[in-house]
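Subject: Structure for your review

Dear colleague,

Please find the structure below, together with its sequence. My notes on what was found in it follow.

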Amino acid sequence: MKTLKLEGDTSIGFSPDSFPCGVLVTDPSRMITYVNSYFTSELMWPPGDLIGKSADVIFTQSSRIFFQSYLIPTLLHEKICEEMQLIIFNAVGVRIPITVNARLSEDGCIYWSFFNASKRDQLYEELIKTRETLEDQAEKLMLLASTDELTGLLNRREMKYRSTLALEQAARSKQSVGLLVLDIDHFKKINDTFGHLEGDRVLKELGGLLKGFCRQTDFVSRFGGEEFLIMLPDTNKSDTELFCQRLHKLIAQIKLGDSGLTVSIGVSISAKDISFTSLFTQADNAMYQAKTLGRNRTELYLNA
């Protein structure tokens, strides 16, 4: 039975060997004067290998530095340290993470309790992995929620959201913005003639072509069915017209039998504060005008 003096003249008797943790006592010179059976049963240290030795013998180099530079000064000032994280060696040199609590007594002795933190570290690692998994799943869900499954382009909702922000920014910086509405010509005939799998192939190939052709600052969307939208921030009429000319030639490289794919494009360009709905309506009307005038062409909204 070990009797430890606590505060004042009060003492309490207990058996440290019954504790589910390591109990260690060092004298004012930090020599070990007592260890409980935990050090033998769990850490494989025979008591004779520790009693009379410096406490440094059980600490790793980094923990010794922390012990000397922080833990001891804190004890001298506060008389107590709680929940300190250190690493010790067991008797065969295995590194074990521990949580340390220590109290400095009036006679200069330090009473230590060591709790094995290996399982807690494992729990931390599992929690970190779980968090990373959840973050990865959340990122995938966000991607699914914002993109078109077939083409990988922005979907209708995400296009409206990003375009609205871009228009607000353009209005503040007094920049012009171009919006293109592209509609595949005779898409129903493509499905009826070649089948829906071929129609999906055309949509997917066109989506990849548009994404590769546009700038990183442009927004490209499959807005619905065979209709695609492209928003061109900080652009003007002449640059947009040249962009559309090149786009028609590029899209013609997508083959349907012996023919190249064609699209009708409507364009609206605005240099003033305008809502996405209004800009889209203008470009959509211009696209239908292109359809009326024979398809495979670009029309600019007349009042733009």
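A residue is called buried under 20% relative accessible area, exposed over 50% and partly exposed in between, with a 1.4 Å probe and protein chains only. By that rule E78 is partly exposed, because its relative accessible area is 46%. Before the rest, please note that this is a predicted model, in which local features need pLDDT of at least 70 and side-chain atom pairs count only at pLDDT 80 or more, while totals for chains, interfaces and linings use all residues. Residues are numbered from 1 along each chain as its sequence is written, and side-chain values use heavy atoms, with hydrogens and water left out.

E78 belongs to helix α2 (residues 61-78); helices (H or I, at least four residues) and strands (E, at least two) are DSSP runs, numbered from the N terminus. The side chain of E78 makes a polar contact of 2.8 Å with that of H77. A polar contact is a pair of N or O atoms within 3.5 Å; within protein, one must be able to donate a hydrogen and the other to accept it, and residues adjacent in sequence count only if both atoms are side-chain atoms. The C-alpha atoms of E78 and R103 are 9.0 Å apart, although 25 residues separate the two along the chain.

Salt bridges

Side chains of opposite charge can pair when their charged atoms come close. With a salt bridge defined as a side-chain nitrogen of Lys or Arg within 4 Å of a carboxyl oxygen of Asp or Glu, the count is nine. One of them joins K291 and D183 at 2.8 Å, N to O. This pair links distant parts of the chain, 108 residues apart: K291 is in helix α8 (residues 276-292) and D183 in strand β8 (residues 177-184).

Another salt bridge, of 2.7 Å from N to O, connects R201 and E205. Both residues lie in helix α6 (residues 196-213), four residues apart, or about one turn of the helix. R201 is partly exposed, because its relative accessibility is 27%, and E205 is partly exposed as well, at 34%.

D218 and R215 also meet in a salt bridge, at 2.7 Å from N to O. Here D218 counts as buried because its relative accessible area is 7%, whereas R215, at 40%, is partly exposed.

S113 sits in strand β7 (residues 110-116) and counts as buried because its relative accessibility is 17%. Beyond its neighbours within four places in sequence, S113 is in contact (heavy atoms within 4.5 Å) with C21, G22, T99, V100 and N101.

The model holds 10 aromatic pairs, and ring pairs join F39, F59, F67, W112 and F114 into a cluster. Rings of Phe, Tyr and Trp (its six-membered ring) pair if their centres lie within 6.5 Å.

On the surface, M44, V92 and V94 form a nonpolar patch with about 270 Å² of accessible area together. Such a patch is made of residues with over 30% relative accessible area and no salt bridge, with nonpolar side chains (Val, Leu, Ile, Met, Phe, Trp, Tyr) joined within 5 Å; accessible areas come from the Shrake-Rupley method with a 1.4 Å probe. V94 is placed in the loop between β5 (80-89) and β6 (95-104), and is partly exposed because its relative accessibility is 42%.

With kind regards

Note on methods: Patch = residues over 30% accessible without salt bridge, like charges linked within 9 Å, V, L, I, M, F, W, Y side chains within 5 Å. Phe/Tyr/Trp six-rings, centres within 6.5 Å; stacked < 30°, edge-to-face > 60°.
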